[in-house]
Amino acid sequence: MEKTAIIKGMSCAHCAARVEKALNKIEGVEAKVDLESRSAKLHLTKNVSDETIKEVVKAIDYEVTDILD
(Lines give C-alpha, C1' and ligand atoms only; values in the text may rest on other atoms or scores of the structure.)
Protein backbone atom coordinates (compact mmCIF):
# COMPACT_ATOMS: atom_id res chain seq x y z
CA MET A 1 0.00 0.00 0.00
CA GLU A 2 1.21 3.49 -0.82
CA LYS A 3 0.39 6.66 1.11
CA THR A 4 1.61 10.23 1.14
CA ALA A 5 1.97 12.12 4.41
CA ILE A 6 1.92 15.93 4.27
CA ILE A 7 4.28 17.22 6.95
CA LYS A 8 4.39 20.68 8.52
CA GLY A 9 7.50 22.17 10.10
CA MET A 10 10.34 20.84 7.93
CA SER A 11 12.61 23.65 6.78
CA CYS A 12 15.92 22.01 5.85
CA ALA A 13 17.55 18.76 4.76
CA HIS A 14 18.33 17.90 8.38
CA CYS A 15 14.63 18.16 9.26
CA ALA A 16 13.69 15.92 6.35
CA ALA A 17 16.33 13.37 7.36
CA ARG A 18 15.02 13.29 10.94
CA VAL A 19 11.47 12.68 9.75
CA GLU A 20 12.56 10.01 7.28
CA LYS A 21 14.63 8.21 9.92
CA ALA A 22 11.73 8.25 12.42
CA LEU A 23 9.23 6.97 9.86
CA ASN A 24 11.56 4.19 8.72
CA LYS A 25 11.79 2.94 12.32
CA ILE A 26 8.11 1.96 12.17
CA GLU A 27 7.85 -1.73 11.37
CA GLY A 28 6.33 -2.17 7.93
CA VAL A 29 7.07 1.37 6.70
CA GLU A 30 9.53 2.39 4.00
CA ALA A 31 9.58 6.18 3.80
CA LYS A 32 11.15 8.69 1.43
CA VAL A 33 10.80 12.32 2.49
CA ASP A 34 10.75 15.14 -0.07
CA LEU A 35 11.60 18.47 1.52
CA GLU A 36 10.49 20.53 -1.49
CA SER A 37 6.94 19.17 -1.40
CA ARG A 38 6.95 18.87 2.43
CA SER A 39 5.76 15.31 2.15
CA ALA A 40 6.75 11.70 2.70
CA LYS A 41 5.98 8.87 0.31
CA LEU A 42 5.21 5.81 2.40
CA HIS A 43 5.33 2.22 1.18
CA LEU A 44 3.56 0.04 3.73
CA THR A 45 4.35 -3.67 3.81
CA LYS A 46 1.89 -4.25 6.66
CA ASN A 47 -1.10 -2.46 8.13
CA VAL A 48 0.07 0.70 9.92
CA SER A 49 -2.53 3.15 11.18
CA ASP A 50 -2.51 6.81 10.18
CA GLU A 51 -2.54 7.62 13.89
CA THR A 52 0.74 5.72 14.40
CA ILE A 53 2.38 7.68 11.60
CA LYS A 54 1.12 10.98 13.04
CA GLU A 55 2.30 10.11 16.57
CA VAL A 56 5.83 9.19 15.43
CA VAL A 57 6.20 12.47 13.52
CA LYS A 58 4.71 14.49 16.39
CA ALA A 59 7.19 12.89 18.82
CA ILE A 60 10.03 14.61 16.95
CA ASP A 61 8.25 17.98 16.85
CA TYR A 62 6.76 17.98 13.35
CA GLU A 63 3.12 17.65 12.33
CA VAL A 64 1.38 15.45 9.81
CA THR A 65 -1.41 17.63 8.45
CA ASP A 66 -2.85 15.04 6.06
CA ILE A 67 -2.37 11.47 4.86
CA LEU A 68 -3.43 10.68 1.32
CA ASP A 69 -4.06 7.17 0.02
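A: The model is predicted, so local features need pLDDT of at least 70 and side-chain atom pairs count only at pLDDT 80 or more, whereas totals for chains, interfaces and linings use all residues. Residues are numbered from 1 along each chain as its sequence is written, and side-chain values use heavy atoms, with hydrogens and water left out. Strands (E, at least two residues) and helices (H or I, at least four) are DSSP runs numbered from the N terminus, and two strands pair if DSSP finds at least two bridges between them.

E1 is also joined to strand E4 (residues 63-68) by 5 bridges, again running antiparallel; here Ile 7 has Val 64 as its bridge partner, and Lys 8 has Glu 63. The open sheet of 4 strands therefore has the order E2-E3-E1-E4, with antiparallel pairing, and because E2 (29-34) and E4 stand at the edges with a single partner strand each, one side of each is left without a neighbour in the sheet. From one strand to the next, the twist averages 25°, with axes fitted as lines to C-alpha atoms (for helices over the stretch in contact) and angles running from 0 to 180 degrees between N-to-C directions. Helix H2 (residues 50-59) packs on this sheet, touching E1, E3 and E4, and its direction makes about 155° with that of E4.

Within E1, Lys 3 is buried, with a relative accessible area of 9%, where buried means under 20%, exposed over 50% and partly exposed in between, using a 1.4 Å probe and protein chains only. The side chain of Lys 3 makes a polar contact with that of Asp 50 at 2.5 Å; such a contact is a pair of N or O atoms within 3.5 Å, one of which, within protein, must be able to donate a hydrogen and the other to accept it, and residues adjacent in sequence count only if both atoms are side-chain atoms.

Ile 7 is one of the residues that touch the most other members of the largest nonpolar core, which has 22 residues, such a core being a set of buried Ala, Val, Leu, Ile, Met, Phe, Trp, Tyr and Cys residues joined through side-chain atoms within 4.5 Å. Leaving aside neighbours within four places in sequence, Ile 7 is in contact with residues including Val 19, Val 57 and Tyr 62, contact meaning heavy atoms within 4.5 Å.
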